[in-house]
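Keep the structure in view as you read.

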Amino acid sequence: LIIPEAHRLTEGASNALLKFLEEPPPQATIILTSSRVDFIPATVLSRLAVYYWHLVHPEHIRQWLTGTAGRAATANAMVARAAGRPGWVSTDSSTLEESTITSWLEGVARSEPPMSESDLKQLTGPQTIALLETWQLAWRELLLHRLNSSSRLLWPALASKFSTVAQKFSVGYLTQQIWRVNRSFELLAAHVSPRAVIHDLYVES
């Protein structure tokens with residue numbers, strides 16, 4: 001059993017997983033993956049062996065893409081998108097939709113909140129984490145373009161749009177936005193409600 005991005009499990013799912021981990025079938029092997037281990041309940045972590053994996057050298061990912069995966073034509077763009085994380089190039093579903101990012105960029109350029117109050121009310125904890133991860137990466141992308149850095153871009157196809165929007169802001173402002181998103185993760189870990197976290201991050205900014 002493999003559970004990807006286990007930190008996005010709802011409270012009910014985490015409780016069900018905990019009961020399963022307390023008395024797992026003898027033949028079962030359970031693997032949880034996560035980029036935010038601090039969001040996995042301590043009761044679940046206490047029943048797991050935790051391993052931390054380092055980023056993979058870009059050249060190793062390139063060799064895999066051009067050899068085993070047979071994706072030589074798109075290797076450069078995919079290596080840049082992966083930024084050392086092989087899982088980001090394994091399937092299209094693991095990458096963020098460019099249309100969603102384009103919409104976010106347009107809102108940032110107009111200094112508009114990325115979501116309405118009505119959408120905000122519907123957010124669950126896992127959805128909030130997913131949104132924060134998206135915004136964290138997008139602000140990082142803007143900062144890279146503001147610094148005129150072309151290394152490890154996640155959305156090379158949107159480079160011109162990112163570059164245009166990035167010029168509207170200072171390096172200090174973009175750095176502050178990344179810090180604010182990071183702070184939001186800390187608030188969620190401290191059990192602040194998802195709605196309050198997003199409201200604090202954007203609606204009242």
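Buried means under 20% relative accessible area, exposed means over 50%, and partly exposed lies in between. The model is predicted.

Q: Why is E59 called partly exposed?
A: E59 has 35% relative accessibility.

Q: What makes E59 and R62 a salt bridge?
A: Their side chains come to 3.3 Å, N to O. The cut-off is within 4 Å, so the pair counts. Both residues lie in helix 3, three residues apart, about one turn of the helix. R62 is partly exposed, at 25% relative accessibility.

Q: Why is E141 called buried?
A: E141 has a relative accessible area of 0%. Buried means under 20%, so E141 qualifies. Its salt-bridge partner is R140, with the closest N and O atoms 3.7 Å apart. R140 is partly exposed, with a relative accessible area of 24%.

Q: How do you know that R47 and E22 form a salt bridge?
A: The side chains meet at 3.6 Å, N to O. That is within 4 Å, so the pair passes. R47 lies in the loop between helix 2 and helix 3, and E22 lies in helix 1, so the pair ties together parts 25 residues apart in sequence.

Q: How many salt bridges does a search of the whole structure find?
A: The search finds three.

Definitions and conventions:
Residues are numbered from 1 along each chain as its sequence is written. This is a predicted model: local features need pLDDT of at least 70, side-chain atom pairs count only at pLDDT 80 or more; totals for chains, interfaces and linings use all residues. Side-chain values use heavy atoms; hydrogens and water are left out. Helices (H or I, at least four residues) and strands (E, at least two) are DSSP runs, numbered from the N terminus. Buried means under 20% relative accessible area, exposed over 50%, partly exposed in between (1.4 Å probe, protein chains only).
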